[in-house]
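Dear colleague,

I am passing on a structure that may be new to you, and I would ask you to look through it before reading my notes.

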Amino acid sequence: MYSKEKEEMDVEYIHSFLTKSYWNEGISLAKIQKCIDHSLNFGIFLEGKQIGYARVLTDFVRFSYLMDVFIDPQLQGKGYGKLLMTFILEDEDIKQLPGMLLATKDAHELYEKFGFKRFSEANKNRFMILNK
């Protein structure tokens with residue numbers, strides 16, 4: 001089962017994963033809740049329990065950024081990541097957008113299966129980043 005409903009997201013479960021992730025290490029529960037409140041949320045559930053999550057930041061017209069994607073480590077490699085990505089990319093709010101950005105350190109192969117390309121291939125390095 002899938003859901004986009006914020007109320008159905010298990011905030012404590014999401015926090016318990018993200019606070020240990022390389023991209024959100026130590027993030028507080030309050031900040032995770034704020035992220036959920038201000039994003040499109042996508043949860044995947046098995047037998048009523050949340051087993052994965054992703055969120056998308058978007059203006060609903062031109063821009064979308066995929067982040068905080070994860071599947072429970074005990075269930076990785078069973079196709080749930082592909083199911084979650086399919087759910088996201090087929091969503092009515094997302095599929096009408098011209099593209100999507102994401103950043104990953106270690107999941108390039110998964111995203112490439114869905115048509116994502118590395119910046120150097122896709123956009124000739126025209127993107128820039130400001131790190132604070």
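**Salt bridges in the model**

Lys 95 has a relative accessibility of 48%, and therefore counts as partly exposed. Please keep in mind that this, like everything below, comes from a predicted model.

The side chain of Lys 95 meets that of Glu 92 in a salt bridge, with 3.1 Å from N to O. Both residues belong to helix H4, where they are three residues apart and so are separated by about one helical turn. Glu 92, at 55% relative accessibility, counts as exposed, because the cut-off for that class is over 50%.

Elsewhere, salt bridges with shared partners join Lys 4, Asp 91 and Asp 93 into one network. In one of these pairs, the side chains of Asp 91 and Lys 4 meet at 3.0 Å, N to O. Asp 91 lies in the loop between helix H3 (80–89) and helix H4 (92–95), while Lys 4 lies in the loop between strand S1 (2–3) and helix H1 (11–18), so the pair ties together parts that are 87 residues apart in sequence. Asp 91 counts as buried, with 10% relative accessibility, whereas Lys 4, with 24%, counts as partly exposed.

Lys 4 also forms a salt bridge with Asp 93, where the closest N and O atoms are 2.8 Å apart. This pair, too, links distant parts of the chain, since Asp 93 is in helix H4 and Lys 4 in the loop between S1 and H1, 89 residues apart. Asp 93 counts as partly exposed at 27% relative accessibility.

In total, the count comes to four salt bridges.

How values were computed
Residues numbered from 1 in each chain as written. Predicted model: local features only at pLDDT ≥ 70, side-chain atom pairs only at ≥ 80, totals over all residues. Heavy atoms only, no water. Helix = DSSP H or I, 4+ residues; strand = E, 2+ residues; numbered from the N terminus. Buried < 20%, exposed > 50% of the residue type's maximum accessible area, 1.4 Å probe, protein only.
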